[in-house]
Structures are given as C-alpha cells and as structure tokens.
Amino acid sequence: KAATPQDIEDSIVLGLEWLAEEQNPDGSWFTSLAHTAMAVLKFEERAVDLGEDPLDPAYQYYDQVRNGLDYVFTRAQIVNIAVQPAGDPDSDGDDIGVRFNQDDWHYTYGTGIATMAIAASTHPEMTVSVAGSAVDGWTYLEVVDDTVDYMAFGQNDVGNDYRGGWGYYENYGWSDNSNTGYLVLGLI
C-alpha cells in the first residue's frame, strides 16, 4: 500500500523536527560541512515548498537555516585561480575562487553541496556576516560566483579520459562520478 499524501507530509514534519533538534551549538550537524549544507538545503526547500522565505525570521526553521549557513561560511577558503588549457575560469576577473573545506582534501564534495545551500537561500543580495570567514562581507551572489569560478578551475583538463570531470580537489588528475555529481548539483 502506497503512502498517502498525509503520510508523506507527516513524515516530512517529523523528520524536520528531529533534524532541528540535532543541530550543534556552532550551527553544524555532525560537525560536517556536507551534513550541515544538506540539512540547511532541506530546511530551505521546505520553506520554498510552503511559499515562505527561508531567511525570514518568521519562518519556523529560520534559526536552523541562519546558523547552518553561518557554519558553512566558516569553512570557505580563497583559492588563487588562473587560465588553464581549456580557458579562463575566472568569470569576474578577480583571480580567485572559493572552495569549501570538508576535511582538508575532499573540497569537491563540500564545495558542490555548500553551493547548493547558499543558492537555495533565495537571497543573492544577502551579505555574509561571519567574523573570521574568508568571505565575511561578501554577498551570497559574490560567494557563489567565485565558487563557480573555483569549480571551473578545478575541472580536470588533462589530456586523458578524465577530462571534464572532477576529483577530490582542484585539477586532481582523475575523475569519478561521486565528485563530479556533487559539483554538477552545485552548478545546477
């Protein structure tokens, strides 16, 4: 027997209630960038599904979204980027990209997932206000623009079968579908 629409709604409500209770005081879930960004994404999508603004203080899960995004921004890192064999990845001409540190080398996973959470906020004009963050004072749009530049820079363009994909970090030399998949989801 298939779940009814009410069964599905009840499961979503219970799942979000549980997830909200699991958030750490620093805004993270399970002290992981990827877990945090995925949780934030779910809360943002729920707001949009309900016709609400995920960054409106009146939204039931505003605190989870706000604190989770702030945690994500603490993991931002600036990376110098340059012209590569396939072209210039620097869309805004500032010679930098932004990546997100998952665990000191799985940058691809963290960057793709963090980009989804930032973009799903629906507020490109919002300003990052996280002291100590590499992107403190930037708009969400500026962060996403330089994240996309990092993604373009990090795409493998060596002359072998791995060209066009992504590995664990920029220009890794080989590609796999899990890394590439998360980056493409971030680009979408």
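Which residues in α4 meet which residues in α5? In this predicted model, where residues are numbered from 1 along each chain as its sequence is written, local features need pLDDT of at least 70, side-chain atom pairs count only at pLDDT 80 or more, and totals for chains, interfaces and linings use all residues. Side-chain values rest on heavy atoms, with hydrogens and water left out.

From α4, the residues Y107, T111, G112, T115, I118 and A119 meet Y140, V143, V144, T147, Y150 and M151 of α5, where contact means heavy atoms within 4.5 Å. By class, this contact has eight nonpolar, four polar and no charged residues; Ala, Val, Leu, Ile, Met, Phe, Trp, Tyr, Cys and Pro count as nonpolar, Asp, Glu, Lys and Arg as charged, and the others, Gly among them, as polar. Helices (H or I, at least four residues) and strands (E, at least two) are DSSP runs, numbered from the N terminus. The axes of α4 and α5 come within 10 Å and cross at roughly 150°; axes are lines fitted to C-alpha atoms, for helices over the stretch in contact, and angles run from 0 to 180 degrees between N-to-C directions. The two helices α4 and α5 are therefore roughly antiparallel to each other, given that angles under 35 degrees count as roughly parallel, over 145 as roughly antiparallel, 65 to 115 as roughly perpendicular and the rest as oblique. The crossing of α4 past α5 is left-handed, meaning that the near helix is turned anticlockwise from the far one by less than a right angle, with clockwise giving right-handed.

Within helix α5 (residues 140–154) lies T147. With a relative accessibility of 1%, T147 counts as buried; buried means under 20% relative accessible area, exposed over 50%, and partly exposed in between (1.4 Å probe, protein chains only). Residues up to four places away in sequence aside, T147 touches V98, F100, T111 and T115.

Helix α4 (residues 107–119) also packs with helix α2 (residues 33–49): their axes come within 8 Å and cross at roughly 25°. The helices α2 and α4 are therefore roughly parallel to each other, and α2 passes α4 in a left-handed crossing. On the α2 side, L33, A34, A37, M38, V40, L41 and E44 meet G110, I113, A114, M116 and A117 in α4. The residues of this contact divide into 10 nonpolar, one polar and one charged.

The loop between α4 and α5 holds H123, which counts as buried at 14% relative accessibility. H123 touches D53, L55 and Y140, not counting residues up to four places away in sequence. The C-alpha atoms of H123 and T139, 16 residues apart along the chain, are separated by 8.9 Å.

Two other loops contain residues other than glycine with positive phi. F30, in the loop between α1 (5–21) and α2, has phi near 55° and is partly exposed at 43% relative accessibility. D95, in the loop between β1 (76–80) and β2 (96–100), has phi near 65° and is partly exposed at 49%.

A search of the whole structure finds 11 aromatic pairs. One of them, Y168 with W174, is edge-to-face, at 5.3 Å centre to centre and 90° between the planes. Rings of Phe, Tyr and Trp (its six-membered ring) pair if their centres lie within 6.5 Å; planes under 30 degrees apart count as stacked, over 60 as edge-to-face and the rest as tilted. Y168 is buried at 18% relative accessible area, whereas W174 is partly exposed at 27%. Ring pairs link W105, Y109, Y168, Y169, Y172, W174 and Y182 into a cluster.
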